[in-house]
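User: I want to know what the labels on this model rest on. Please take me through the ligand site and the pockets.

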Amino acid sequence: MKKTVIVSSPGKLIIGGEHAVVYGRRALVTSIGMRLYMQLSTVDSADKRTLDVFFHDTNTRHTVDPSGPADAHAIEIQGVLRVYDHYKSSLSEKDSLAMEVRSEIPIGAGLGSSAAFSVCLVGCFHLLCHEKLPAEEINQLAYQVECLFHGTPSGIDNTISTFGQSLVYSRTLKRHLSFRLSNLAIIDTGIPKSTKRMVGLVRDYVDAHPEEGEAILNEIEGCVDRMIDHPEEVDELFQRNQDLLKRLGVSIPEIDRIVEILLQRNISTKITGAGGGGCLIALTSTFTKEKLFELLNGNPIKSIEFVECGVEGLREETAFSEQST
Ligand code: PMV
């Protein structure tokens with residue numbers, strides 16, 4: 001008998017505290033109204049079990065023997081196989097598996113696409129095998145998948161994608177907040193960035209300048225605490241957090257220039273995520289997307305989007321995605 005489950009989970013924006021969170025400091029993170037959708041079905045197999053994964057966005061299909069060696073495959077398939085291994089004893093031996101993935105979250109822009117993939121992956125298998133979505137358990141296994149993809153991330157991305165809303169997050173704390181920004185623009189520079197490289201740069205800086213490094217990390221955490229207690233100061237705190245990120249070495253001239261142009265129009269802007277490229281967030285209630293494009297003409301801008309913040313985390317869906325209904 002064929003069985004199908006569908007889940008979705010959101011991308012994220014780090015409002016403050018990226019990088020410092022790697023060193024145990026508190027960060028402020030919110031989920032956004034861009035989601036990844038995943039469908040997992042059992043398929044009768046006459047012969048040997050196969051695992052078929054289709055990525056709609058890149059139109060790529062991987063058909064693999066799940067009992068074969070995982071490291072021969074692309075990293076995302078290794079992630080699928082890692083989760084399959086965890087659940088395989090609960091699956092019927094006669095069944096093959098077919099997975100489909102579709103995402104509204106741009107890949108590699110610092111908006112949490114890989115974490116949404118990891119969370120949905122665990123969510124789908126759990127729902128198929130146990131017919132429920134226990135958030136804490138799913139989040140823990142999703143973190144293992146994130147470690148396979150990124151080394152030792154702080155866990156902020158998978159946690160917000162699982163639980164949704166907004167969170168104050170550290171390695172030892174996860175507290176929901178009603179924090180919401182209604183005037184937040186995401187500016188994607190389109191400049192490729194590597195989280196691993198940026199985390200490494202910060203590590204080099206902190207190792208070479210331990211006193212200054214610790215002071216900057218503490219100051220970043222101070223910005224985060226202040227944003228939570230005094231959201232009316234968020235404009236000024238964005239600027240302060242951006243300056244501190246620059247001192248840690250994760251800004252680049254292209255980003256400095258965009259931040260400067262927008263500041264001349266009283267728009268506070270900061271890196272969100274690892275930096276070195278990727279996305280910025282800007283606070284503006286008066287400028288439209290078109291106006292922002294006009295202001296930033298000549299700078300590397302791939303897209304500008306105003307997004308909803310503080311949305312629902314991992315959830316079961318009745319349709320694979322809005323487009324398919
Ligand atoms: O991969 P990104 O761009 O979402 O950045 C993740 C945030 C960092 O603090 C830089 C790394 C981490 O593991 O928290």
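Analyst: Start with a definition. A molecule sits in a pocket if more than half of its atoms lie within 2 Å of the pocket's grid points. The ligand takes up the space of the largest pocket. Bear in mind that this is a predicted model.

User: Which elements build the shell around the ligand?

Analyst: Two elements give two or more residues to that shell: β1 (4-16) and α4 (156-163).

User: What makes a residue count as part of the shell, and how many are there?

Analyst: The cut-off is a heavy atom within 4 Å of the molecule. Around the ligand there are 15 such residues. Lys12, Ser154, Lys193, Thr195 and Ala274 are the closest. Sorted by class, the shell holds six nonpolar, five polar and four charged residues.

User: What about serine 154 and alanine 274?

Analyst: For serine 154, a polar side-chain atom lies 2.5 Å from a ligand oxygen atom. For alanine 274, a polar backbone atom is 2.9 Å from an oxygen atom of the ligand.

User: How much of the ligand's accessible area does the protein cover?

Analyst: On its own, the ligand has 380 Å² of accessible area, and the protein covers 93% of that.

User: What is the volume of the largest pocket, and which residues line it?

Analyst: The largest pocket holds about 1,200 Å³ of space. Its lining has 50 residues, and Gly108, Ser114, His150, Lys193 and Thr195 are the closest to the centre. Elements that give two or more residues include α1 (75-87), β5 (95-103) and α2 (113-130). α5 gives the largest share, four residues. By class, the lining has 20 nonpolar, 20 polar and ten charged residues.

User: What lines the second largest pocket?

Analyst: This pocket has a volume of about 200 Å³. Its lining has 14 residues, with Glu136, Asn139, Thr159, Tyr169 and Arg171 closest to the centre. At least two residues each come from α3, α4, β6 (166-170) and β7 (173-177). The largest share, four residues, is from α3.

User: How does that lining divide by class?

Analyst: Three residues are nonpolar, eight are polar and three are charged.

Terms used
Residues numbered from 1 in each chain as written. Predicted model: local features only at pLDDT ≥ 70, side-chain atom pairs only at ≥ 80, totals over all residues. Heavy atoms only, no water. Polar contact = N/O pair within 3.5 Å; in protein donor to acceptor, adjacent residues only side chain to side chain. Areas by Shrake-Rupley, 256 points an atom, 1.4 Å probe, with all protein chains shown as cover. 1 Å grid on protein atoms, 1.4 Å probe; cavity = no way out; pocket = protein on both sides within 12 Å on 5 of 7 lines; lining within 4 Å. Nonpolar A, V, L, I, M, F, W, Y, C, P; charged D, E, K, R; others polar. Points joined across faces, edges and corners; volume = space filled by probe spheres on them.
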